[in-house]
Each structure stands twice: as C-alpha cells, then as structure tokens.
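Subject: Structure handover

Hello,

Here is the structure I promised to pass on. Please open it alongside this email. My notes follow below.

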Amino acid sequence: MTKSVFKEGFLWGGATAANQLEGAYLADGKGLSVADAMPGGKQRWQILAGENFDWSIDESKYIYPNHTGIDHYHRFKEDIALFAKMGFKCYRFSIAWARIFPQGDESTPNEAGLHFYDELIDECLKYDIEPVVTISHYEMPLNLAKNYGGWQNRQLIDFYEHFADVVLNRYYKKVKYWMTFNEINSPFELPALSMGMVKSNGGGNWQNIFQAWHHQFVASAKAVKIGHALKADLQIGCMIIYGTSYSYDANPVNQVATMIQNQEFNYFCADVQVRGQYPAYTTRMLEKYQVKPLAVKDDDLALIAENTVDYIGFSYYMSTAINETTTAEKVQGNILGGVKNPFLAASDWGWQIDPKGLRIALNELYNRYQKPLFIVENGLGAYDEVDENFYVADDYRIDYLRQHIIAMGEAVADGVDLMGYTPWGCIDLVSASTGEMSKRYGFIYVDKDDEGNGTLNRYEKKSFDWYRNVIATNGQKLD
Ligand code: BG6
C-alpha cells in the first residue's frame, strides 16, 4: 500500500458534548445547566432567541431531551468499547461544568462529578484512545446564566478559571489535548448557548455580547496559562465554527460583504486567541455594531498576548453564500445560514453540503495562522431508517464523510498541518439546535425517538464498519 497523505499518529476519532449525551442530569450532585433548560422540538431555537425566554423549565409545556440524553453517564463503558472497536485514536468529549460546580460559584468541587470523568478518561486510556477535552461546550451552570447574567458579567472569568484550574489539575497527567470554549464565535447568531445570555437578560444587545467575548478571551487565556504551567507540552486549542464564505457573484459589493463576513464570523475570535491581540478591524467592527469601547482591565491584554492557543480546533458542516445585491432564497444552517448556493445540495435540515469548502477552510486557516488545525466536528445530520434488525444502511452519511476526507487529503497535500478528525455525534445524540434525536449523525444508532421512547440500545450502522476501515488504513481506504 502507498503511504497515506495523513501523518502517522493522525487523530481519527469522534466528538460529543456532555449535555447532548450524558443524561443523568441531576445524578450524583450535578446542578442544572443551561442545556437542561432548553426545550426539545423544532421550535427550540426560536424559543431561546425569543424576547421572553428566561431559562425557566416548564415540564408541563415542553419535553427536555437533554435531561436523559442517551444515558451515556451509565453506559459510557459500552460506548467507549464501541469506539475502540472502530479503532478510534482519540475521543473528543466535554466536561459538564455543573457536574463539577453544580451552581458554578462554589469554592469546593463536587467529587462525584470529578470521579465520573476519572472513570471516563481511564476507560479511553484502557483502549489507547487519546482523550480530547472541551472545557466548556454549551453547558454552563444555569445559576450563572440566570442569576449572574452569563458571560457579560466579569465574575464569570473567576468562576471559569476556578473550574478550569480544578479540571486541568485533576486530569493533565492523562489528557494532553484540550479546548477552552466550544464554537466561541457562535454568539453572532445565538448568545444563549455559549454565553448564557438571552434577550430577557441582555443577550439582545451587542455591547453586552462583545463584553462577554472579552471576558471569554481573558478566561481562555487564563486556562491556557494554568495548563502550560502544569505541563509545557499540553496542547490547548481554541474552537470556532468555520463557514467557508463565498461571494454569490463577482459583484465587488458582494466581495466586500464576504470579506467582512469572514473577518467578523470566521476570524475575529480566532485572531484574538491565536495571535494574542484584537485584530486591526476591531474598531470599525465595534462601530458597526454600535458598541462603545469595551471595559478592559489593566492586565487583560497582556494575559491574552502571552497565552495564545497551540492549535485551532474547528467545526465544519457547510459553506455560506453572501448576497447583498439581489433577493435570493435563504437557507438554514447551524449558526450560519445564508443564501441558497445553486451548486450545492443540502441536508434534510437545509445545511448546504460542500466538501470542497473544507479544503478551502483548511487552507485559509492554515495560511492565516500557521498553527496546526484539528477538525473537531463535521458530519451529516440525517433521518435514519432502521430495518427489522435495527440496521441502518447509511450510504448517504458514508458518502458525505468520504467526500470530506478526500478534501482533507487535498488540503494536506496543499501543505496544511492537520492533526486529526473527529466527526460529530459519533454516536447518535440530542441535536443542539433542535433538541431532536431524529437528527442523527452517528456511526452507532441509539434506539430513542424525539419523544424519549426507546430501549436506548446501541446498534452499529453501515458507516461503523466503513469508518473502522478508514481508520485502519489511515484514511486510504474510502470506498
Ligand atoms: C455544533 C455544536 O454547532 O454543531 C454541536 O458544537 C452540535 O453541539 C453540532 O450538536 C451539530 O448541530 P445540531 O444542531 O445538528 O446538533
């Protein structure tokens, strides 16, 4: 066999987030998180973005799929064994902040919560699966959102620093790869998930959102500082959503709009976290959003400058087309949306499928930052149909992933330093945007429906075997 384009030790694996699969939402002292207050169903996004949403939980009105997830909390051994069977080299998961600090503002952590992640990490290591940990993935303690106003409040820096300090100290000997915040640029669309801010508590105001970002940049820098002091070679990354952006046509008006979209959405957060300073376009961008100069403390900028990230983790699901000059049909997406690109097909949820856009993303990011890249999310959310044996012939998912892996190979051949690839929702889990179970990404089918019915039994899909072969051949066997 010829040599793979992917480097030896390439981190093939899969990705999840605690709030979307663990369930057991009040077990062993865990407190409520923002995710626990998110109702299920297609209206979830609109409810969160609405004027009156105040993080109340109303079980008479809604169902809350995150409360039970896929019960990974009690079944993680079975799940990790399946990941090992696929040959995972790494597993990206997050730590539920509210398991460690149920209210977020305590001084003493919850030992039972820490113990759970001891066990999870040890289970990974048992199979030589490298844990990749997201410190905060859309699951801050609800108390910090409700009673402190989320990340617009500077006190959040201290609470996060304490949380990061506790988990880094506890696990740094066993966990080499970390990320500070999941999709830190997501608040452009919805600040509820990662900032704990909704319209009823300041989330409808750009001043507060940019202030919250500043606090997250400082907090992230503090986590990087703690981690590197513990062990100089810990790899601590940022994590952004990347949406390759195309001008709809050659009209310079749309080209400029695309440039600005790139700066604001794709690069702003990474520029700060990777380069250690606010980019040149910040002043103009803040003016555009009518944001007054941010409250910045004396040593904030030095902290940010001295504690930059080691790699760039990013999610890539789709590209977007920018059109400001004509009326064009709009499409949906996780955070991105945009106008319909006539050259692309879309998923069952309207996310435009664009593997070549991933090659572009990888080149753009690498040539901008010259830091290693890690694709920590990618995948196809689709309706799966099981046969009488609970088997899913998910050729559409295989095809999606194959095309994206081909694009990754092209980018590596272009000279990009790519560390690894962890497709999203390697086991079916609760969708972040819709709260549905029926929006499935996994190689492993979980028997649970949108209403919460099902045995929770796990079944290997056709893509399970396919991905096992991909990993075994270091990305060479894709058919
Ligand atoms: C990313 C998030 O935006 O996309 C995940 O980091 C999320 O938490 C994933 O699940 C897929 O989005 P969705 O809405 O299909 O679950």
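**The salt-bridge network**

A network of salt bridges links Asp-384, Asp-394, Arg-397, Asp-428, Arg-440 and Lys-461. Please keep in mind that this is a predicted model.

**Other salt bridges**

How many salt bridges does a search of the whole structure find? The total is 29. Two more are worth a look.

Glu-264 forms a salt bridge with Lys-288, and the closest N and O atoms are 2.8 Å apart. This pair also links distant parts of the chain. Glu-264 is in helix α10 and Lys-288 is in helix α11 (residues 282-288), 24 residues apart. Glu-264 has a relative accessible area of 9%, so it counts as buried.

Lys-126 and Glu-123 meet through their side chains in a salt bridge of 3.0 Å, N to O. Both lie in helix α5. They are three residues apart, about one turn of the helix. Are the two partners buried or exposed? Lys-126 counts as exposed because its relative accessibility is 55%. Glu-123 is buried, because its relative accessible area is 7%.

**The barrel**

Eight strands make a closed barrel with parallel pairing. The order is β1-β2-β3-β4-β5-β7-β9-β10. From one strand to the next, the twist averages 30°. Strand β1 (residues 11-15) and β10 run parallel and are joined by two bridges. Trp-12 has Tyr-421 in β10 as its bridge partner.

Helix α5 (residues 111-126) packs on the sheet. This helix touches β2 (90-94) and β3 (130-136), and its direction makes about 165° with that of β2. Helix α10 (residues 252-275) lies across β4 (177-181), β5 (235-241) and β7 (311-315). Helix α10 runs at about 165° to β5.

**Two buried residues in loops**

Asn-182 is in the loop between β4 and α8 (192-195). Why does Asn-182 count as buried? Its relative accessibility is 2%, and the cut-off for buried is under 20%. The side chain of Asn-182 makes a polar contact with the side chain of Arg-92, at 2.8 Å. Leaving aside neighbours within four places in sequence, Asn-182 is in contact with Arg-92, Thr-134, Ser-136, His-137, Tyr-138, Ser-194, Met-239 and Glu-377.

Lys-439 is in the loop between β10 (418-421) and β11 (444-446). Lys-439 is buried, yet has no salt bridge. Which side chain of opposite charge is nearest to Lys-439? That is Glu-436, 6.2 Å away, whereas a salt bridge has to fall within 4 Å. Again leaving aside neighbours within four places in sequence, the contacts of Lys-439 include Trp-349, Trp-351, Gly-381 and Ala-382. Leu-429, Ser-431, Ser-433 and Thr-434 are also in contact with Lys-439.

Best wishes

Terms used:
Residues are numbered from 1 along each chain as its sequence is written. This is a predicted model: local features need pLDDT of at least 70, side-chain atom pairs count only at pLDDT 80 or more; totals for chains, interfaces and linings use all residues. Side-chain values use heavy atoms; hydrogens and water are left out. Helices (H or I, at least four residues) and strands (E, at least two) are DSSP runs, numbered from the N terminus. Buried means under 20% relative accessible area, exposed over 50%, partly exposed in between (1.4 Å probe, protein chains only). Lys and Arg count as positive and Asp and Glu as negative; His and the chain ends are not counted. Contact means heavy atoms within 4.5 Å. Two strands pair if DSSP finds at least two bridges between them. Axes are lines fitted to C-alpha atoms, for helices over the stretch in contact, and angles run from 0 to 180 degrees between N-to-C directions. A polar contact is a pair of N or O atoms within 3.5 Å; within protein, one must be able to donate a hydrogen and the other to accept it, and residues adjacent in sequence count only if both atoms are side-chain atoms.
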